[in-house]
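Student: I have a model to look at with you. May I ask what lies behind the terms we use for it?
Tutor: Go ahead.

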Amino acid sequence: MDVTGRESAAAGEGERRLPPNLQASVDRHSRHLAELAANLRAAGIGEDVIDASVRDLVGSYQAELTAAMRVVVQGQDHV
Amino acid sequence: MSELVIDDEDARLAALRRLDVLDTPAEEPFEKIVNLVQTVLGVPMATVTLVDQDRQWFKAHRGLDAQETPRSISFCTHAIRQREPLVVPDALADERFAASPLVTGEPFIRSYAGVPLRTPEGYNVGALCALDTKPRRFSAAELAIMGNLASIVCDELQLRLIAQRDHLTHTLTRRGFVEQAEKEIAKCRRYGRPASLALLDIDHFKSINDTYGHGGGDVVLRQLAEICAANMRPSDAMGRIGGEEFALLMPETGAAEALAAAERFRAIIEAHEFELEGGRLLKVTASFGVAAYTPDLADTTAWLAQTDLALYRAKREGRNRCRLEPAPEERSAA
């Protein structure tokens, strides 16, 4: 298998591991962050403030997502 | 997102309770969001507010000392009644708020913008709020930013809910269900209220899997969860606690009433035609065990074990039936 093939196989594996409802949550959150950045920019907020704000929000969501994935995986193991 | 549901307060409160966020400590994601509201809009006060039965409770608050206030004097009780943000440029010029103690006294709110926090089922459980002590017009750009931040609050709340949900059936996971049942036990003990538990196990599920594959089994699990959810009360909770085993928690429900409810679910499942891929229809039955909470049950594990005895009897006596533990004759003898 070439590198590309391995990578896409790994990516496919990753996608299979993320339950659809968590994937939908990630997609929704990404969309909301992108809209927020656009609206902050439109309101004349500086790029460094926008970057810091979005980074901050991504960080806390990521921590919650990791915790949620842990619980979901434990739940699947149990069922 | 679902349509806004305004006139079902019981269901709205049940949706709020399911979030399991009331009276929890401050948390970083929500703190960051109120900080952003304060910074970007330049307001002295910002809150993530949840509207409970008789109070508004702040999950995060900046510039306000109180953790909660009566609902009757709140702005947010009005905000949750609408789809769009509630904007009050001058509270003293608005008869709904001019006499509110929050306006005439501390914290002297003079202007308000609240964007409803709506759950995926369509219930406005609270609002993200920006408040000022001066009259103020909130621009369209500011309200758009508030709207984005409110969506991010909802993402955070929803993510916690997902962690409690089984991804196939969207019922609670075993862990999520046990947490709910533990809270119900605490309520029963504290207030002396009744509650009951039902365990539901799909009959001959292995042969469904063997005949129609795991995909067919999954369809049955998903549809069964859907029809139960559609027939539950808003205050009931359902969890998938084993492969083909579900539990139903029924607050404020005694043994006889819970047995009747289980019988109703049993009949609904028996009458339902499960549609598999390719349009093939399948009949399925389920057995139910029911047990009311009694003070001698130490915890959810003991309560589930008691209910499991009833389920075992339902299976042993021929399946597709409901049994109560202790059996009615044993209850009357006791």
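Student: Why is the second largest pocket said to lie between domain 1 (9–163) and domain 2 (174–333) of chain B?
Tutor: Because both domains give residues to the lining of that pocket. Keep in mind that this is a predicted model: local features need pLDDT of at least 70, side-chain atom pairs count only at pLDDT 80 or more, and totals for chains, interfaces and linings use all residues. Residues are numbered from 1 along each chain as its sequence is written, chains are lettered from A and ligands numbered from 1 in the order written, and side-chain values use heavy atoms, without hydrogens and water.

Student: What makes a space a pocket?
Tutor: On a 1 Å grid over the protein atoms alone, a pocket is an open set of points with protein on both sides within 12 Å along at least five of seven lines. Lining residues have an atom within 4 Å of a point. By that rule, 19 residues line the second largest pocket. B:Asp20, B:Arg160, B:Ala163, B:Gln164 and B:Glu179 lie nearest its centre. Two or more lining residues come from each of helix 3 (47–78) of chain A, helix 5 (140–163) of chain B and helix 6 (174–191) of chain B. Helices (H or I, at least four residues) and strands (E, at least two) are DSSP runs, numbered from the N terminus. The pocket holds about 320 Å³ of space, where a volume is the space filled by probe spheres set on the points, joined across faces, edges and corners.

Student: How many residues of that lining are nonpolar, polar and charged?
Tutor: Nine are nonpolar, four polar and six charged. Ala, Val, Leu, Ile, Met, Phe, Trp, Tyr, Cys and Pro count as nonpolar, Asp, Glu, Lys and Arg as charged, and the others, Gly among them, as polar.

Student: Which peptide bonds into B:Pro107 and B:Pro326 are cis or trans?
Tutor: The bond from B:Glu106 to B:Pro107 is cis, with omega near 5 degrees. The bond from B:Glu325 to B:Pro326 is cis, with omega near -5 degrees. B:Pro107 is in the loop between helix 4 (101–104) and strand 5 (111–118) of chain B.

Student: What makes strand 7 (residues 195–202) and strand 9 (residues 245–251) of chain B a pair?
Tutor: Two strands pair if DSSP finds at least two bridges between them. These strands have seven bridges, in the antiparallel sense, so they meet the rule. One bridge joins B:Ala198 to B:Leu248 in strand 9.

Student: Why are strand 8 (237–240) and strand 13 (322–324) of chain B called edge strands?
Tutor: Their open sheet has five strands in the order 8-9-7-12-13, with mixed pairing. Strand 8 and strand 13 each pair on one side only. Helix 7 (residues 205–231) of chain B lies across strand 7, strand 8 and strand 9, at about 150 degrees to strand 7. Contact means heavy atoms within 4.5 Å. Axes are lines fitted to C-alpha atoms, for helices over the stretch in contact, and angles run from 0 to 180 degrees between N-to-C directions.

Student: Which strands are the edges of the six-stranded open sheet of chain B?
Tutor: The order is 3-2-1-6-5-4, with antiparallel pairing. Strand 3 (68–70) and strand 4 (86–88) each pair on one side only.

Conventions:
On a 1 Å grid over the protein atoms alone, a cavity is a set of points where a 1.4 Å probe fits but cannot get out, and a pocket is an open set with protein on both sides within 12 Å along at least five of seven lines; lining residues have an atom within 4 Å of a point. Domain bounds come from an automatic or database domain assignment.
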